[in-house]
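Here is a short briefing for a first look at this protein. Start with the picture, then read the points by topic.

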Amino acid sequence: MKLKPILLAEDNLYDIEMILKTLSDCNIGNHIETVNDGVEALEYLRCQGKFKNREPEKPVVVLLDIKMPRMDGIEVLRKMREDPELRLIPVVMFTSSREDLDLLKSYTLGVNAYVVKPVEFKQFAEAVKQIGIFWALINELPPL
């Protein structure tokens, strides 16, 4: 059985590197597609732009940062939940924002989980590991 991809929308290169290494170290075999802003995230999900020729499978989860250029994670989430083709894809906000307003907006728009990025490397890696194991291996997606 082919594993569904994970979409990582993150603009911090250090965080991307740490997330990819941690997921690899804990044997998450899913392909991880990385985009650097919200516009690219939606293009990937909708098979548009540079992603127009990709296989049109939905990711098992979207790891979404809030503070990104061009379009932030809150707006990506809003557009996903408004789109009948994308609304059931699980979204985990994985962000450094501890702002109550970001948390409230995310849950109001239907985020599946909100995780504040730990500052310490060991805790950061453990959070990524737990997210990866749950969303890629344990969670059951809704039927198409």
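Predicted model: local features only at pLDDT ≥ 70, side-chain atom pairs only at ≥ 80, totals over all residues.

L64 touches A9, G73, V76, L77, V91, V92, M93 and F94, leaving aside residues up to four places away in sequence.

**Nonpolar cores**
- A second, separate core has 21 residues, among them I6, C26, V61 and A113.
- The largest nonpolar core counts 24 residues. L64 is one of those with the most contacts inside it, along with L45, V62, M80 and M93.
- At least two residues of this core come from each of β1, α2 (38-45), β3 (61-64), α3 (73-82) and β4 (91-95).

**A buried glutamate**
- E10 sits in the loop between β1 (6-9) and α1 (13-25).
- E10 counts as buried because its relative accessibility is 1%, and buried means under 20%.
- Leaving aside residues up to four places away in sequence, E10 touches D15, I16, V35, N36, D65, M68, F94 and K117.

**Overall fold**
- The protein has five helices and five strands. From the N terminus on, they run β-α-β-α-β-α-β-α-β-α.
- Among contacts with a separation of 6 or more, 66% join residues 24 or more positions apart.
- Of the 144 residues, 48% count as buried.

**Size and surface**
- The C-alpha trace spans about 40 × 35 × 25 Å along its principal axes.
- The accessible surface comes to about 8000 Å², and 54% of that belongs to carbon and sulfur atoms.
- There are 19 positive and 23 negative charges, and their mean positions are 3 Å apart.

Methods
Residues numbered from 1 in each chain as written. Heavy atoms only, no water. Helix = DSSP H or I, 4+ residues; strand = E, 2+ residues; numbered from the N terminus. Buried < 20%, exposed > 50% of the residue type's maximum accessible area, 1.4 Å probe, protein only. Contact = heavy atoms within 4.5 Å. Core = buried A, V, L, I, M, F, W, Y, C linked by side-chain atoms within 4.5 Å. Areas by Shrake-Rupley, 256 points an atom, 1.4 Å probe, with all protein chains shown as cover. Lys, Arg positive; Asp, Glu negative; His and termini not counted. Charge placed at Lys NZ, Arg CZ, Asp CG, Glu CD.
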